[in-house]
Amino acid sequence: MVRTEHSIVGQVYAAKTDSEAADALIGQYIGFIRSETVKFTHAALEDGHEDELSIAMLAFYEAILSYEKTKGAFLPYASRAIRNRLIDHYRAEKRHGNVVSLHAPAGGEADRSLLDTLPDTRDEIGTFEARTASQKEIREFGAQLANFGLSFSDVADNCPRQERTLAACRRVLDCARANPALLEKLVETGRLPMSELAAGSGTDKKTMERHRKYLVAILLAFTNGYEIIRGHLCQITRAKGGEGK
């Protein structure tokens, strides 16, 4: 799955400047676009929702143009773009007095449209998508950790507990982020580039070796758009602890 996301990112970057590549990518993911549209409309597209599909396709294309690796995995990013564009569409319809019923039950009142309850519905969709995106990232990240012989429990057990050690790990991370070639070397070789990171960060090799599992995990989180995982790990690195090595 990790390689699949890398492949998508490559296709997206190619599609930014190549209209044919963009068309091909949209065609490849038309099933995804349809699914996201149905998720929002709560009705089959054939039941008068062809316009919504067109809007979703446009939003997918706009997501291609605006996407950057720092914004996380592409498909969750595109999903949010589609949802936001459809929300804007229905708000515009409402302002012009042309409210479109989405045939979604709302509080047991059949005559209420999705638009009438849009804020609550939007929150539910957002919560669902955030949960789905989290689960997907966890599966992908777990698979990549397994390639290094690591598990989530290994990383948790190896997490630094003391502020001085956390600061040292932050320096290693900063060094790796400033030198993307080191992150690439980690992925390609399956080994932490200890000497280069130690020299670049000023961190003692013994400290790095004691927390190698944690360092591998947090560096991997910056190699493939793991926005949710990355945020969690960075919160850990910001945690306060006692003094020590």
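Cys-175 comes out as buried, at 7% relative accessibility, where buried means under 20% relative accessible area, exposed over 50% and partly exposed in between, with a 1.4 Å probe and protein chains only. The model is a predicted one, so to speak of local features takes a pLDDT of at least 70 and side-chain atom pairs count only at pLDDT 80 or more, while totals for chains, interfaces and linings use all residues. Numbering runs from 1 along each chain as its sequence is written, and side-chain values use heavy atoms, with hydrogens and water left out.

Cys-175 also turns up beside Ser-201: leaving aside neighbours within four places in sequence, Ser-201 is in contact (heavy atoms within 4.5 Å) with Arg-171, Val-172 and Cys-175. Ser-201 sits in helix α10, residues 194-201; helices are DSSP runs of H or I with at least four residues, numbered from the N terminus. With a relative accessible area of 11%, Ser-201 is buried too. Its side chain makes a polar contact of 3.0 Å with that of Thr-203; such a contact is a pair of N or O atoms within 3.5 Å, and within protein one must be able to donate a hydrogen and the other to accept it, with residues adjacent in sequence counting only if both atoms are side-chain atoms.

As for the cysteines, the whole structure holds zero disulfides, a disulfide being a pair of cysteine sulfur atoms within 2.5 Å. Cys-159 is buried at 10% relative accessibility, and its sulfur lies 7.9 Å from the closest cysteine sulfur, that of Cys-169, which is too far for a bond.

Elsewhere, Leu-65 belongs to helix α4, residues 50-66, and is partly exposed at 40% relative accessibility.

Notes:
Helix = DSSP H or I, 4+ residues; strand = E, 2+ residues; numbered from the N terminus.
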